[in-house]
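Hi there,

Here is the structure I promised to pass on to you. Have a look at it first, and then read my notes below.

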Amino acid sequence: MNTQKIHWFKFSSPQNFYFLAGRMWPWFAVLATVLAAVALWIGLVMAPVDAQQGQGYRIIFVHVPAASLSMFVYLVMAGWAGFGLAFNTRLSGMMASALAPTGAILAFLSLATGSLWGKPMWGTWWVWDARLTSSLILLFLYLGFIALQSSIDDPRRADKASAVLALVGAVNIPIIYGSVYWWNTLHQGASVTVKGASIAPAMLWGMGLMTAAFWMYAITMTLVRVRAIILDRERHTEWVKHAVE
Amino acid sequence: MAGANGVGKTSLLRMVCGLAPIESGQILWNDTPIHSQSDVYRQDLCYLGHLNSLQESMTVNENLVFTAALAGNAPEPTQLQEVLAHFGVRGRGEQLVKHLSQGQKRRVALSRLALSQARLWVLDEPFVAMDEKGVRMLADLIASHLGKGGLAVITSHQQVDIGTIAPQMLELRA
Amino acid sequence: MKKLGLFGVMAALLRREVSVALRQKGEVLTPLVFFVVVASLFPLGVGPESALLLRMAPGVLWVSALLAAMLSLQRLFATDHADGSLEQMALSSTPLGLLVAAKALTHFLLSGLPLVLMAPVLGLQFGLESHSLGILMLTLLLGTPTLSLIGSIGAALTLGVRGAGVLLSLLILPLYIPVLIFGAGAVEADAAGLGIGGHLSLLAALLVLSVFFAPLATKTALRISLE
């Protein structure tokens with residue numbers, strides 16, 4: 001093993017990061033698959049049947065992890081974007097752009113699974129509960145970010161403008177979530193959740209592992225996507241021309 | 001600053017103003033990079049680009065008062081009249097800008113320079129589309145500004161005589 | 001030549017915005033008319049049953065006011081950008097954040113305030129009683145400046161961009177949601193006999209937060225758009 005210190009700054013150049021990401025992503029893909037398999041086994045096989053909701057509640061093992069991770073990804077995205085804005089690095093903006101679609105997909109997945117849960121429970125395809133509504137708003141924030149990026153032609157300006165948007169969104173997320181939760185308690189809506197007292201340890205393990213699986217998946221997809229973005233943005237450089245031969 | 005169309009004169013001027021980002025190198029004013037002293041630098045700066053920065057539905061005087069206010073100044077009405085007269089748009093102070101011809105609008109834009117107390121003038125093709133008299137007026141104005149110890153960075157296609165002061169020439173090539 | 005202090009400069013900007021707006025009265029009236037039209041669409045959509053309309057009124061009026069306030073945001077910076085005045089503001093020795101705050105203030109005065117004054121008239125159409133009308137006006141008065149401030153961020157981000165109008169709405173409507181929840185919620189709570197102190201404090205808190213942070217985001221976005 002090389003005992004020399006790793007010069008991390010070397011990887012802040014898109015060219016070096018491209019190759020690093022290329023070596024890293026398969027590992028994360030494997031981790032994601034393994035964790036997901038274990039989590040699904042726990043969720044679908046091992047965890048007990050819920051007293052009130054029967055078998056249908058099992059969708060929580062996808063719904064809650066997807067919702068939590070979609071918010072985590074937004075904060076990471078805002079972090080990268082802010083870093084890029086402050087230090088004027090190209091790669092940070094590319095990372096933020098790479099994270100956005102994954103975050104949006106996770107938010108959408110959270111909505112879809114929430115909807116699938118609601119149908120057998122309450123007979124409706126949508127329920128205005130706090131988590132679902134917050135996920136919906138988070139999806140809007142993601143779509144806004146993606147839309148702003150795609151409507152500005154100059155990539156540097158697009159990165160900076162969407163960075164401002166992501167930061168404003170990140171600051172607003174606690175306020176938005178807070179107001180939606182407050183709104184929901186006021187109007188006594190239905191709730192897409194398992195009641196606290198009856199959460200078995202197995203359920204928590206299942207949700208935790210699934211969250212970790214989604215996290216690994218997000219990292220995998222982001223690394224793959226950022227490589228494509230790097231190739232696109234840097235296509236006029238020599239190393240890209242050699243890399244795609 | 002001279003150079004063919006599209007070579008980057010306007011971009012360079014905008015970098016000098018601090019509007020456009022700089023990929024490499026630095027711009028120094030009083031030996032300090034401009035980005036670390038933005039507020040001080042902007043007090044010393046007056047920029048005239050291709051656009052006139054005139055609000056069409058306001059009068060000439062209102063426009064001049066506003067641009068002076070942005071620089072922190074409040075000119076007297078007599079000063080406004082003098083400046084307009086000097087640039088050959090005497091008496092048009094109370095006219096709406098949209099009723100002026102292109103040439104007159106340009107002169108009103110230039111008269112902003114006369115009211116400015118900034119040390120550094122950054123002018124992007126100020127002599128374009130001006131008749132001989134206008135060119136003379138502007139050249140004299142720049143000369144007197146330089147005489148008072150001011151600086152001017154100008155891009156131009158044409159060779160213009162600015163009094164007895166020989167300009168430092170910079171030619172941009174693609 | 002006299003020197004102007006910061007307040008003098010902001011007053012000059014305010015005076016300029018107001019005089020331009022008064023000479024283009026149509027632009028000030030359009031959002032107001034839009035407010036009336038949109039609010040009137042709801043009864044047409046859900047039927048004239050008075051109990052239903054009364055129940056819906058706070059939310060409907062708030063949403064319509066929100067949409068109307070958003071209409072005129074696009075022009076906040078666009079005309080100045082087109083004639084070069086925005087660059088002059090960015091190059092001015094006055095901090096851009098203050099100029100931007102002054103612009104948002106004039107947007108509130110010319111867009112928000114008329115909505116506040118028009119709302120009771122529409123409220124009557126929905127059967128709101130006078131006490132509720134008062135609360136509605138109060139919440140709109142506290143909320144519309146926040147809408148102008150947050151909206152200015154969107155206007156700055158989408159300056160000169162393709163499809164700016166719709167994109168602007170997509171970007172800032174999610175950010176408007178807390179103001180909507182507390183504003184409409186206050187009117188409902190009051191009608192149900194509950195206290196609205198909490199709602200009003202939260203609206204005030206949102207306003208204070210926007211006053212401090214929105215100009216910062218807007219001026220950063222403007223400088224990015226001017227690059």
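What follows is a short tour of the chains, the contacts between them and the core.

First, some housekeeping. This is a predicted model, in which local features need pLDDT of at least 70, side-chain atom pairs count only at pLDDT 80 or more, and totals for chains, interfaces and linings use all residues. Residues are numbered from 1 along each chain as its sequence is written, while chains are lettered from A and ligands numbered from 1 in the order in which they are written.

How confident is the predictor in chain A? The mean pLDDT (the predictor's confidence in each residue, from 0 to 100) of chain A is 85, and 88% of its residues reach 70 or more. Within chain A, helix 7 (residues 238-243) has the lowest confidence, at a mean of 80, and helix 4 (residues 130-151) has the highest, at 93. Helices (H or I, at least four residues) and strands (E, at least two) are DSSP runs, numbered from the N terminus.

Chain B is built from six helices and eight strands. Its radius of gyration is 16 Å, which agrees with the value near 16 Å for a compact globule of 174 residues. In chain B, 33% of the 174 residues are buried.

Which chains touch? Two pairs do, and chains B and C have the most contacts. A contact means C-beta atoms, placed from the backbone, within 7 Å. No contact joins chain A and chain B, whose closest C-alpha atoms lie 10 Å apart.

The contact between B and C takes 28 residues from chain B and 25 residues from chain C. On the chain B side, helix 3 gives the most, with five residues. By class, that side has 15 nonpolar, ten polar and three charged residues. (Ala, Val, Leu, Ile, Met, Phe, Trp, Tyr, Cys and Pro count as nonpolar, Asp, Glu, Lys and Arg as charged, and the others, Gly among them, as polar.) Strand 5 of chain B and strand 1 (residues 2-3) of chain C run antiparallel, joined by two bridges; strands pair if DSSP finds at least two bridges between them. Ala74(B) stands opposite Lys2(C).

Is Lys160(A) buried or exposed? Lys160(A) is buried, with 25 other C-beta atoms within 10 Å, and lies in helix 5 (residues 155-187) of chain A. Beyond its neighbours within four places in sequence, Lys160(A) is in contact with Leu85(A) and Ile224(C).

Finally, the largest nonpolar core has 179 residues, and Met77(A) and Ala65(C) have the most contacts inside it. Such a core is a set of buried Ala, Val, Leu, Ile, Met, Phe, Trp, Tyr and Cys residues joined through C-beta atoms within 7 Å. Helix 2 (residues 60-87) of chain A supplies its largest share, 15 residues.

Happy exploring!

Note on methods: Buried ≥ 20, exposed ≤ 12 C-beta atoms within 10 Å, placed from the backbone. Rg over C-alpha atoms; globule rule 2.2 N^0.38 Å.
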